[in-house]
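These are my notebook entries on side-chain interactions. I set down what I looked up, in the order in which I looked.

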Amino acid sequence: MNETDHNTTAPYQILSGSSLKLIAMLTMLIDHIGAGLLYYLPGCTAGSNTALWQNCPMTLYGLYRIFRNLGRIAFPIYCFLLVEGFFHTKSKQKYACRLFLFSLISEIPFDLAFLNAPFSFQMQNVFFTLLLGLLCMIALEKQKQLALSKGLSPNAQTSNSLFIILFFIGLATILRTDYYGIGIVLIVIFYYYHNNRKMACIVGYFSFLWEPFCLPAFLCIPFYNGKKGLSIKYLFYFFYPLHLLLLYFLRLYLPK
C-alpha cells in the first residue's frame with residue numbers, strides 16, 4: 001500500500017505508513033497464532049478449565065481469546081492503508097494486479113493454516129477482500145468521471161454509486177472472502193471520508209461494532225502523518241503467505 005508525504009501534519013501525528021503496517025502485521029500475527037496454533041491445542045475450548053501451567057489462573061482458551069481479540073486491530077488498518085494507496089499509487093492497474101497475484105499465492109497457505117486443506121472454498125484470504133475493495137473504488141472513480149462527462153443528475157450518480165457498492169459487497173459475500181461484504185463497507189467508508197480522517201474512524205468503528213476490540217485500530221489511524229516511513233512496500237505481501245505456511249507446519253508438531 002503506497003503513501004505519499006504531506007507537508008503539514010499535527011504534532012500528535014507521529015505514525016508513518018510503515019508504522020501502521022508494522023502494527024497491523026504484529027496484531028495479525030498474534031491473531032493467526034491464536035487461530036492457527038492455540039485453537040488446535042487440547043483443552044482449548046470455551047468450557048475447558050485447562051490452565052496454561054499448574055496453578056495458573058488463566059486458561060488456554062482465555063489466552064486464545066486474548067490473541068484473537070488483539071487480532072481485531074489489523075484489518076481496519078489494512079483497509080485504511082489500501083485507500084491511502086489507492087489515492088497515491090502511480091498505477092491503480094499494477095496495484096490491482098499485485099493484489100490479485102498475492103491473492104492466488106496466499107490461498108493455499110490460508111487454506112492450510114485455517115481450514116486444514118490445501119484447497120477449500122469455505123473462505124478466501126484477505127487479499128481477495130482488499131482486491132475487491134480496490135476494484136470497487138476504481139469503479140466508483142470511473143462512474144464519477146462518466147457522470148461528469150455526461151452531466152448526470154446527483155440522484156443518478158448516487159444510484160449508480162450505490163449499485164457499484166452493493167455489487168462488490170454481494171460479490172465479497174458470495175465468494176466468502178475474509179470479512180465478507182462488511183470489509184468492502186469499511187473500505188468504502190475510508191474512501192468517501194478520505195479527507196476527514198476522524199469522521200472516517202468514527203463511522204468506520206460504528207460499522208464494526210460487532211467486533212468491538214478493533215477500537216485501537218481506529219484510535220491509531222488519526223495519528224497517521226501521511227508519510228511513507230520505512231521502505232517496506234512488499235513486506236506485507238510476502239509476510240502474509242509465508243507466516244501462514246510456517247504456522248501450518250508448526251501445528252503439525254503440536255500435541256494431539
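Entry 1, salt bridges. I began with Arg72 and Asp31, whose side chains meet in a salt bridge at 2.5 Å, N to O. I apply the term to a side-chain nitrogen of Lys or Arg within 4 Å of a carboxyl oxygen of Asp or Glu. Arg72 lies in the loop between α2 and α3 (74-88) and Asp31 in helix α1, so this pair ties together parts that are 41 residues apart in sequence. Helices are DSSP runs (H or I, at least four residues) and strands likewise (E, at least two), numbered from the N terminus. The model is a predicted one, in which local features need pLDDT of at least 70 and side-chain atom pairs count only at pLDDT 80 or more, while totals for chains, interfaces and linings use all residues. Residues are numbered from 1 along each chain as its sequence is written, and side-chain values use heavy atoms, with hydrogens and water left out.

I then asked which other residue forms a salt bridge with Asp31. It is Arg68, with the closest N and O atoms 2.5 Å apart. Asp31 lies in helix α1 (residues 17-36) and Arg68 in helix α2 (residues 60-70), so the two tie together parts that are 37 residues apart in sequence. Asp31 and Arg68 are both buried, the term meaning under 20% relative accessible area, with exposed over 50% and partly exposed in between (1.4 Å probe, protein chains only).

Glu211 forms a salt bridge with Arg72, and here the closest N and O atoms are 3.5 Å apart. This pair links distant parts of the chain, Glu211 being in the loop between α8 and α9 and Arg72 in the loop between α2 and α3, 139 residues apart. I find Glu211 buried at 12% relative accessibility, and Arg72 buried at 10%. Through shared partners, salt bridges join Asp31, Arg68, Arg72 and Glu211 into one network. My search of the whole structure returned four salt bridges.

Cys214 is placed in the loop between α8 (197-207) and α9 (215-220). It is buried, with a relative accessible area of 0%. Cys214 and Gly71 are 143 residues apart in sequence, yet their C-alpha atoms are 8.0 Å apart in space.

How many disulfides does the structure hold? The criterion is a pair of cysteine sulfur atoms within 2.5 Å. By this rule I count zero. Cys79 is in no disulfide, and the nearest cysteine sulfur, that of Cys214, is 10 Å away. Cys79 is buried at 0% relative accessibility.

I searched the whole structure and found 31 aromatic pairs. Rings of Phe, Tyr and Trp (its six-membered ring) pair if their centres lie within 6.5 Å; planes under 30 degrees apart count as stacked, over 60 as edge-to-face and the rest as tilted. The rings of Phe102 and Tyr237 have centres 5.2 Å apart and planes at 50°, so I recorded the pair as tilted. It links distant parts of the chain, with Phe102 in helix α4 (residues 92-115) and Tyr237 in helix α10 (residues 235-251), 135 residues apart. Phe102 is buried at 6% relative accessibility, and Tyr237 is buried at 0%. Tyr237 also pairs with Phe236, the centres being 6.2 Å apart and the planes at 50°, so this pair is tilted. Phe236 is buried, with a relative accessible area of 3%. Ring pairs link Tyr78, Phe102, Phe127, Tyr234, Phe236, Tyr237, Phe238 and Tyr240 into a cluster.

Lys92 has its charged end over the ring of Phe86, 4.8 Å from the centre. Arg251 lies over the face of Tyr40, at 4.1 Å from the ring centre.

Terms used: A charge sits over a ring if NZ of Lys or CZ of Arg is within 6 Å of the ring centre and within 35 degrees of the ring normal.
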